[in-house]
Amino acid sequence: MNMFPSDRPVYQKLNTSFTSYDALLEDLASRHLDGYLHLTHAGYQGTLFVVAGTPAGAMEEPGGAPRRMGPVAVDGFSQKVRERGGSIDVLELDPQLVPLLAGMADAFPMHLDLASEWTVFGRLVE
């Protein structure tokens, strides 16, 4: 399931068996596209954010493994997109939104497993 805006598709359902990832990136760079590529594969989902057609961050959910973000996810996406049997959607976003989403993909939690009965929200966000 894709959790990012998907109202401006550029390409939809490109089969990884017949799509050259490198040629696709070249096309996106020539268009100076701001947006993302969403890859679905058996047991896998990944999102690669692009700014002016250049990879700017990623997040992926490999089947049965924890979500990965940042450079590790960019590498994982780049490997998985070259395997047969997947599907790629390319979507355009407003240029101001892409760095925000890409930055979110590289973010790490500051606090984990906080119990609500012990946490005062106002102090947490100060």
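The model is a predicted one, so to speak of local features a pLDDT of at least 70 is needed, side-chain atom pairs count only at pLDDT 80 or more, and totals for chains, interfaces and linings use all residues. Residues are numbered from 1 along each chain as its sequence is written, and side-chain values use heavy atoms, with hydrogens and water left out.

To start with the overall layout, the protein has four helices and six strands; these are DSSP runs numbered from the N terminus, with helices being H or I of at least four residues and strands being E of at least two. Along the sequence, the pattern reads β-α-β-β-β-β-α-β-α-α. Of the 126 residues, 34% are buried (under 20% relative accessible area, with exposed being over 50% and partly exposed in between, using a 1.4 Å probe and protein chains only). Among contacts (heavy atoms within 4.5 Å) with a separation of 6 or more, 60% come from residues 24 or more positions apart.

Now for the sheet. The six strands form an open, antiparallel sheet in the order β1-β6-β2-β3-β4-β5, where two strands pair if DSSP finds at least two bridges between them. β1 (9–15) and β5 sit at the edges with a single partner strand each, so one side of each has no neighbour in the sheet. Strand β2 is joined to β6 (residues 87–92) by six bridges, and leucine 37 stands opposite valine 90 in β6. β3 and β4 pair over eight bridges, with threonine 47 facing methionine 59 in β4. These two strands make a hairpin with two residues between them, and alanine 52 in the turn has a positive phi of about 55 degrees.

α1 lies across β1, β2, β3, β4 and β6, running at about 175 degrees to β1. Helix α2 touches β2, β3, β4 and β5, and its direction makes about 80 degrees with that of β4. For such angles, axes are lines fitted to C-alpha atoms, for helices over the stretch in contact, and the angles run from 0 to 180 degrees between N-to-C directions. The buried residues of α2 (residues 71–80) are Ala73, Val74, Gly76, Phe77, Ser78 and Lys80, and their cover includes α1, β2, β3, β4 and β5.

Next come the aromatic rings. Rings of Phe, Tyr and Trp (its six-membered ring) pair if their centres lie within 6.5 Å; planes under 30 degrees apart are stacked, over 60 edge-to-face, and the rest tilted. The count by this rule is two pairs. Tyrosine 21 and phenylalanine 77 have ring centres 6.2 Å apart and planes at 55 degrees, so this pair is tilted. Tyrosine 21 belongs to α1 and phenylalanine 77 to α2, so the pair ties together parts 56 residues apart in sequence. Tyrosine 36 and phenylalanine 49 form a tilted pair too, at 6.3 Å centre to centre and 55 degrees between the planes.

Finally, histidine 41 is found in β2 and counts as buried because its relative accessibility is 14%. Leaving aside neighbours within four places in sequence, histidine 41 is in contact with Thr16, Lys80, Glu83, Arg84, Gly85 and Gly86.
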